[in-house]
Amino acid sequence: MELIAFSFYLFATIAVVSGVLVISAKNPVHSVLWLILTFFSAAGLFVLMGAEFIAMLLIIVYVGAVAVLFLFVVMMLDINFVELRQGFLQYLPIGATITLILFIEMGMVVATWQLGPDVAANAAAPSPAVGDISNTAALGQIIYTDYIYIFQGAGMILLVAMIGAIVLTHRKRPGVKRQVVNDQVARRPEDAFELVDVAVGEGITQRTQNKG
Amino acid sequence: MTNMVPNLMPVMPEIILAVGAMLLLMVGVFRPTKAFSEVSTLSLLLLVITGGVLYFYVGGETQITFGGMFISDSFAVYTKVLILIGSFLSIVMAGPYLKDHMIDRFEFPVLIILATLGMFAMVSANSLMSLYVGLELQSLSLYVLAAFNRDRNRSTESGLKYFVLGALSSGMLLYGISLIYGFTGSVDFDVLALTLEKAGSGHLGLTLGLVFILAGLAFKVSAVPFHMWAPDVYEGAPTPVTSFFATAPKIAALALFVRVMMGPFADMIGEWQQVVIFLSVASMLVGAFVALMQTNIKRLMAYSSIGHVGYALMAIVIGTSAGVEALMVYLVFYLTMTIGTFGAILSMRHSDGMVEDINDLAGLSTNNLPLAISIAIFMFSLAGIPLLAGFFGKYYVFLAVVEAGFVPLAVIGVVTSVVGAFYYLRIIKIMFFDDAAVSFEKMESRSLNWVIGVTALINSPASVFLIAPVAAMAAWAALSFAG
């Protein structure tokens, strides 16, 4: 038990500290690296809660794909972060005031938080009993049977995102050479080369230009 | 929950739309020439088929499927038919403009179909999760449509602005949903209604969650104070997209408003009523007074739609099926006058491009008298002059509000209507009595003329004959919330 408590505090501290460092690091590349560390410690917290599938997903998807992509973007785009930070001090007082007010309000809400009636029964309804089946199987059951409608809806959203990206960025450029598989397959040996008797002492005069 | 295949009958229209959109995408990709006109025609056909299936196959009985996440009832069928009409007419009217501006790409009708699918999901949402998925599907399609004219700065700016503010509002909505879930442990509307009935009032966290959800929804209907995006987006987006924005998504978002407030949160009416009253009054005031200073007709229509949302929210304030009935009548007439007005805007152009400045309308009556008369009818109708369609919409709302005892609200509504009448009448004055400033070019499009003609007829005093059937259908739709 003590080991679990120790691990929790370890992961939680690392997550919070590296989270703060993400937004305070001067160098954007360092920010992304701190972000990756945050993801790792969050994954550790998930493992402690018994959600091993989500923990692995976090490492594979967020660290493996998203954060690395992010790193590339940050390094390649050459954004001037100093310029972005301009006006930071100018907006700090009003931003800090609003944040403080919101923070106090949220704190009051959380402090007086009551749970509604039946909350435990309601929340437990969709998921199968813990211990019966593994994480992955439980998630699969919920996503592909109970929540299939939302799953399909999310699929449609991704389709729209793809169409949107193509509509807004794809341009037809003239003069680009493309591979046309049909033309390649339809091409016959006669079109490509011919056998020529080369007379002794003479070279080959160029006969055709459009073949080949 | 079971492991059996869910009942797919109530979702047939959605399935048809989704599969149809993907097929249309294929048609567009594999037809190098004339893809736009073919896909447009086919998408119109798809919308008609969907409407037929919706009306004849699904019908108006209350059916719930997908483990309680999807509901189809008379209210859903009614609003879905209105949404279909809005989408249909938007595609019909878009053709000439898009061709004229060299942006006649086949993705346009496909995106409208996908947005329609999202709106269907919103209207039929029976859980906070399906609500969010529907809302995102609709919003994402709309962001892309707003930036559709990607080579024009105004259009991309409006798309980006809409996207950033829309993402912010989605964040607020999700935060509210998470608070509600934290209190009740469920996102299902039926379970929520039961739990909240037991819980009673006075829970701070619950109220805060509800307010966040209200803020997110108010953004989607562009109610004041969450309206800042509307004028810029309406002005910057291509005009056919603006006409789509002002009709179908508005109807869907208002229907969602009704669905959420009168479904799971019906017992929290004390909490949300004041907020909706504020949204309604503020929208009516801003819609009336700020519109006075506009010179661009698309911005004017944006403020006009903000004002109309105020009147529509007034009907929701009541929180009974009588209010829903009034809202349903109101939305029909709002749809016809808005579509008609935008049809007229789309059919006016001069040598420099489309007519967008109000002062450029001067002398339209000598140039194109039928169009000027149609616009006059739409303006009278938007202002709510008696005997025109817009008057009956407002009449039903005011009547319901007064009967429910909210007399001050109705008084504010009438006063702002009078203020609003000023700028609608100013347009008529400019068209008929000012000297022509620019010469108009003929924009011959039979489909556009047809749309303007029919909507003008519906809005003309002939609308008296429409009142009885529309009211009957609205009553049928409101049955879903009776009792």
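This is a predicted model: local features need pLDDT of at least 70, side-chain atom pairs count only at pLDDT 80 or more; totals for chains, interfaces and linings use all residues.

Modeller: Residues are numbered from 1 along each chain as its sequence is written, chains are lettered from A and ligands numbered from 1 in the order in which they are written, and side-chain values use heavy atoms, with hydrogens and water left out.

Biologist: What kind of pair do the rings of Tyr143(B) and Tyr162(B) form?

Modeller: Rings of Phe, Tyr and Trp (its six-membered ring) pair if their centres lie within 6.5 Å; planes under 30 degrees apart are stacked, over 60 edge-to-face, and the rest tilted. Here the centres are 5.1 Å apart and the planes stand at 85 degrees, so the pair of Tyr143(B) and Tyr162(B) is edge-to-face.

Biologist: Which helices hold Tyr143(B) and Tyr162(B)?

Modeller: Helices are DSSP runs (H or I, at least four residues), numbered from the N terminus. The two residues are 19 apart, and the pair links distant parts of the chain. Tyr143(B) lies in α5 (residues 128-146) of chain B and Tyr162(B) in α6 (residues 153-184) of chain B.

Biologist: Is Tyr175(B) buried or partly exposed?

Modeller: Buried means under 20% relative accessible area, exposed over 50%, and partly exposed in between (1.4 Å probe, protein chains only). Phe212(B), at 17%, is buried. Tyr175(B) has 33% relative accessibility and counts as partly exposed.

Biologist: Which residues do ring pairs link into a cluster with Tyr143(B)?

Modeller: The structure holds 19 aromatic pairs over all chains. Ring pairs join Tyr143(B) in a cluster with Tyr162(B), Phe163(B), Phe219(B), Trp229(B) and Phe245(B).

Biologist: How much area is buried between chain B and chain A?

Modeller: Contact means heavy atoms within 4.5 Å, and 45 residues of chain B are in contact with 34 residues of chain A. Buried area is the accessible area (1.4 Å probe) that two parts lose on being put together, summed over both. Carbon and sulfur atoms give 74% of the total, which is about 3,400 Å².

Biologist: Which residue of chain A forms a salt bridge with Asp151(B)?

Modeller: A salt bridge needs a side-chain nitrogen of Lys or Arg within 4 Å of a carboxyl oxygen of Asp or Glu. The count between chain B and chain A is one. With the closest N and O atoms 3.2 Å apart, the partner of Asp151(B) is Arg171(A).
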